[in-house]
Structure formats: structure tokens, C-alpha cells
Amino acid sequence: MSLVARLSDRIRSTVDGRRGAALPVPPVGFTDGTIALRQWRPSDGLHLATLCDDDEIRRWTSVPHDYRTHQAAGRAAFAEAERLAGRGVHLAVTDAHDAVLLGAVDLVVPGQGRERGRVSFLLGPASRGQGHATRAVRLLDGWAFGAVGTSVLEIRPQADNAAAVAVAERAGFAAETSAGPGADGRLTFVRHAGDPTPAAPQG
């Protein structure tokens, strides 16, 4: 069976056994003028695999060390299956002007309801240090609180991942407790619907 056929079967089986209604489709023109968010496409495979060939991404995320182009191309089908099943929305982060792929941002809804969601993100090496991750998280959380209907969002970076912690703080997420990292070594930062909007990121 071809890769496309296997992915199609997975979408059908996932949707047939879904736990809830499909999450909404992100809007066309989902941008703040600097970066944009869009759904994944099979044609992103080569660019995504190249972007993820990076020691920092391998260190802090679950991306496989040997992330092949055909695996990356399957992210579009995986993302659509997760959206239809009501489990999450997985989006590409691109430059708003030339559509170059910069990274990824995900919203996962782990429970039966949509009250709480978890945000994660990654950027390729050339796109870091410019405020792009903060912009992507802020775009996604505004949409999650509105269109998706979540009331609390969380980001759970590894405690020693200083860059991810800084993104959470700049995006307006606050440490949930002062107890330090959990048993998995992660901190929990949360943001509630109605919290004040943080200052716009620089860069």
C-alpha cells in the first residue's frame, strides 16, 4: 500500500473513532504581518526535514534524529487527522512576505473538552532570536481562546530550555507554581482567556 493510501486510511480510522467534534479550520490570512500560520502541505516535506536537521530541535523536541522527507511530507495528513478528531491543530509557521517555512506551532487539546490546551513550537536555526516564536504563540493563543473555545492554555518547556521559557514569558504565560519543574523536568506556564495582552515582540 502506498504512503498516501496508508495516511488516508489513518485519517478515516481516526475520524471514525474520534472522541469529539472536529476543531475549526484556521483562517486564511492568519498573520500578524511578520509571520503567518497555515495548515501543512505534503509539499512541505523536504523543507521541514531540512529545517529539523538541527541539534537544538533534536535536543528539545520529539522529532526523530533521522527525520526523512517522506515522514515530514506525511505531517499534513497527520495534522488533518488530529484536527478532524478534535485532538489538536498543527500549523506551519512561515514568513508573512515570502512564505518561507520558519517552523511549527501546535495546539493539543488533551482532554474530552476544550477547556485546556497545550501549545508547543519550534523554529529552524536561521529564524531564532527574531521574535517569531513569540509571534506564533500569540497568534495561536488568540485564535484558541476565540474560535476553539479554550479557557486556559499551557506551555511546558524543559526547565533548562531557556529560549522556550523566554518565549512563554514574552507571550504572556505565567509560571503556574513556584515549586519548580515536575518529575519530567518540565515547567508549566499558563495563560487564561481574558489575561492582559502582552507587549508586541521586538524584531
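**View 1. Surroundings of Val-105 in the predicted model.** Leaving aside residues up to four places away in sequence, Val-105 touches Leu-37, Val-89, His-90, Leu-91, Val-93, Val-119, Ser-120, Phe-121, Ala-136 and Leu-140, where a contact means heavy atoms within 4.5 Å. The model is predicted, with local features needing pLDDT of at least 70 and side-chain atom pairs pLDDT 80 or more, whereas totals for chains, interfaces and linings use all residues. Numbering runs from 1 along each chain as its sequence is written, and side-chain values use heavy atoms, without hydrogens and water.

**View 2. The largest nonpolar core.** This core has 31 residues, and those with the most contacts inside it are Leu-37, Val-105, Leu-107, Val-119, Leu-140 and Phe-173; a nonpolar core is a set of buried Ala, Val, Leu, Ile, Met, Phe, Trp, Tyr and Cys residues joined through side-chain atoms within 4.5 Å, buried being under 20% relative accessible area with a 1.4 Å probe, protein chains only. Two or more residues each come from β2 (35-39), β3 (88-95), β4, β5, α6, β6 (152-155) and α7, with helices (H or I, at least four residues) and strands (E, at least two) taken as DSSP runs numbered from the N terminus. The largest share, nine residues, belongs to α6.

**View 3. Composition of the chain.** Seven helices and eight strands make up its secondary structure, and 44% of the 203 residues are buried.

Notes
Buried < 20%, exposed > 50% of the residue type's maximum accessible area, 1.4 Å probe, protein only.
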